[in-house]
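Please look through the sequence and the 3D structure below before reading on. The paragraphs after them go through the structure one part at a time.

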Amino acid sequence: MRADHIFTNARLATMDATAPGLGVIAPGMVAQAGGQIIYAGPPIAMDASQTTDCEGRWITPGLIDCHTHLVFAGNRAGEFAARLNGASYEEIARAGGGIKATMAATRAASEADLVAASQPRLNALLAEGVTTVEIKSGYGLGVESELKLLRVIAALGRANKVDISPSFLGAHALPPEFTDNRAGYVALLCDDLIPRIAREKLADAVDGFCEGIAFSPDEIAQVFEAATAHGLRVRLHADQLSNLHGAALAARFAALSADHLEYTDDAGAAAMAAAGTIAVLLPGAFYSLRETQAPPVARLRAHGVKIAVATDLNPGTSPLNSLLLAMNMAATQFRLTVEECLLGTTRHAAAALARADVGVLRAGAKCHLAIWNIEDPAELVSNIGFNPLYRRIWSPA
Ligand code: DI6
Ligand code: FE
């Protein structure tokens with residue numbers, strides 16, 4: 001076996017499901033050929049065109065942020081201040097702020113403006129060893145403006161050494177021009193945008209915001225019927241601010257993930273387990289909104305629901321531009337274990353994106369690596385505001 005590049009003298013946290021815990025192999029090595037891992041295991045002799053001596057450093061799979069809204073214009077710092085003065089997120093949204101405020105700024109921005117505004121946010125994630133990012137539309141809320149966002153997301157994928165997983169989130173908020181015609185907007189999503197997005201392969205999945213200030217379970221079901229009819233998987237912002245049984249609705253459509261879940265009940269957790277739907281926990285929104293009801297982690301564990309952790313990077317509820325800090329928050333705010341946090345930003349996050357070729361160090365996976373200046377993988381969760389990345393390896397398809 002000959003490799004293009006081998007990474008020797010390392011300690012591996014493979015995240016391999018066939019091994020317990022983090023799948024630690026120490027000492028270990030990783031071999032890459034043609035952009036794929038051809039070997040991850042104890043040191044063996046192997047010819048290679050290039051060798052990197054990792055000097056005992058830890059190697060994990062490149063991290064995966066499986067839930068972001070990082071393409072947007074403007075900022076909502078003023079709303080943050082208003083919430084500190086007692087206004088609620090819902091009150092601000094019902095008064096025309098929130099998502100609609102960012103919609104106005106995003107509609108006014110050109111594709112070039114949006115790429116330029118989003119690139120620094122993406123850079124910050126990549127600087128922390130992230131090699132795969134899910135990015136949602138959802139701030140256009142109209143045909144051309146949503147297509148513009150999906151084009152910007154595709155442009156970011158072409159311009160950066162990163163795997164991008166685009167999601168269509170037209171069902172994020174009701175745009176002002178449809179205030180008196182909810183059914184008309186839902187029909188626009190189902191009959192115009194989703195067929196076109198599926199045809200032009202502009203998104204891998206369709207997302208929705210099932211909440212009193214957004215879309216009802218019935219409206220989301222219509223959107224998900226259309227997505228399914230056009231061969232697109234679904235994911236859902238579910239039970240974030242109230243229990244509308246969004247988790248069970250997501251499971252009914254075999255959703256890749258149900259996200260937030262602060263108000264999900266036991267029936268929702270059981271339905272997710274039966275459907276294999278990943279629970280994506282978003283501590284940035286919980287923290288920024290100063291929520292008090294944490295997701296039902298014990299119920300999710302009891303039912304065997306796989307848990308992922310993401311930034312939910314967005315200008316309103318979660319202006320959190322650090323996946324490392326998101327892991328720390330998930331541990332301290334939601335009491336996830338270190339192992340749950342690390343699996344939650346690797347193997348389980350990959351499952352939320354229907355990717356089996358990232359998030360794990362094993363032969364056949366893409367060679368996306370993060371090499372760390374740490375003595376213990378737990379440092380990736382315990383650190384607050386410190387980035388121990390030594391080197392990020394991303395391999396083109
Ligand atoms: N839930 C959230 O927390 C974000 N979207 C969603 O459905 C909020 C997005 C924003 O406030 O801009
Ligand atoms: Fe979100």
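The text that follows takes up the metal site, the other ligand, a group of strands and some backbone details.

Keep in mind throughout that this is a predicted model. Begin with the iron ion, ligand 2. Which protein residues are its donors? They are His-67, His-69 and His-237, each through its NE2 atom, together with Asp-312 through OD. These donors lie 2.0 to 2.2 Å from the iron ion. Along the sequence, the donor residues follow the spacing H-x1-H-x167-H-x74-D. His-69 sits in the loop between strand E6 (63-65) and helix H1 (77-84), while His-237 belongs to strand E10 (residues 233-238), so this pair ties together parts that are 168 residues apart in sequence.

Are the two histidines of the pair buried or exposed? His-69 has a relative accessibility of 2% and counts as buried. His-237 is buried too, with a relative accessible area of 3%.

Now turn to ligand 1. There are 14 residues around ligand 1, and those that come nearest are Arg-76, Tyr-89, Tyr-139, His-172 and Thr-317. Some of these residues place polar side-chain atoms beside oxygen atoms of the ligand. For Arg-76, an N or O atom of the side chain is 2.7 Å from an oxygen atom of ligand 1. Tyr-89 has a polar side-chain atom 2.5 Å from an oxygen atom of the ligand. In the case of Thr-317, the distance from a side-chain N or O atom to an oxygen atom of ligand 1 is 2.7 Å. How much of ligand 1 does the protein bury? Taken alone, the ligand exposes 320 Å², and the protein buries 100% of that.

The next part to find is strand E14, which covers residues 369-372. Leu-369 and Ile-371 are on one side of strand E14, and Ala-370 and Trp-372 are on the other. All of these residues are buried, and both faces of the strand are covered. Which strands pair with E14? One of them is strand E5 (residues 58-61), which pairs with E14 in the antiparallel sense over 4 bridges. Within this pairing, Ile-59 stands opposite Ile-371. Another is strand E15 (residues 389-393), which runs antiparallel to E14 and is joined to it by 4 bridges. Here the bridge partner of Ala-370 is Arg-392 in E15.

Some details of the backbone remain. Pro-27 has its place in strand E2 (residues 24-33). The peptide bond leading from Ala-26 to Pro-27 is cis, with omega near 0°. Glu-55 is found in the loop between strand E4 (47-53) and E5. Its phi is near 55°, which is a positive value in a residue other than glycine. Glu-55 counts as exposed, at 51% relative accessibility. Arg-290 also has phi near 55°, again a positive value in a residue other than glycine. The place of Arg-290 is the loop between helix H10 (283-288) and helix H11 (297-302). Its relative accessible area is 49%, and Arg-290 is therefore partly exposed.

Note on methods
Residues numbered from 1 in each chain as written. Chains lettered and ligands numbered in written order. Predicted model: local features only at pLDDT ≥ 70, side-chain atom pairs only at ≥ 80, totals over all residues. Heavy atoms only, no water. Donors = N, O, S within 2.8 Å, 3.2 Å for Na, K, Ca; no water. Helix = DSSP H or I, 4+ residues; strand = E, 2+ residues; numbered from the N terminus. Buried < 20%, exposed > 50% of the residue type's maximum accessible area, 1.4 Å probe, protein only. Near = heavy atom within 4 Å. Polar contact = N/O pair within 3.5 Å; in protein donor to acceptor, adjacent residues only side chain to side chain. Areas by Shrake-Rupley, 256 points an atom, 1.4 Å probe, with all protein chains shown as cover. Pairing = 2+ DSSP bridges.
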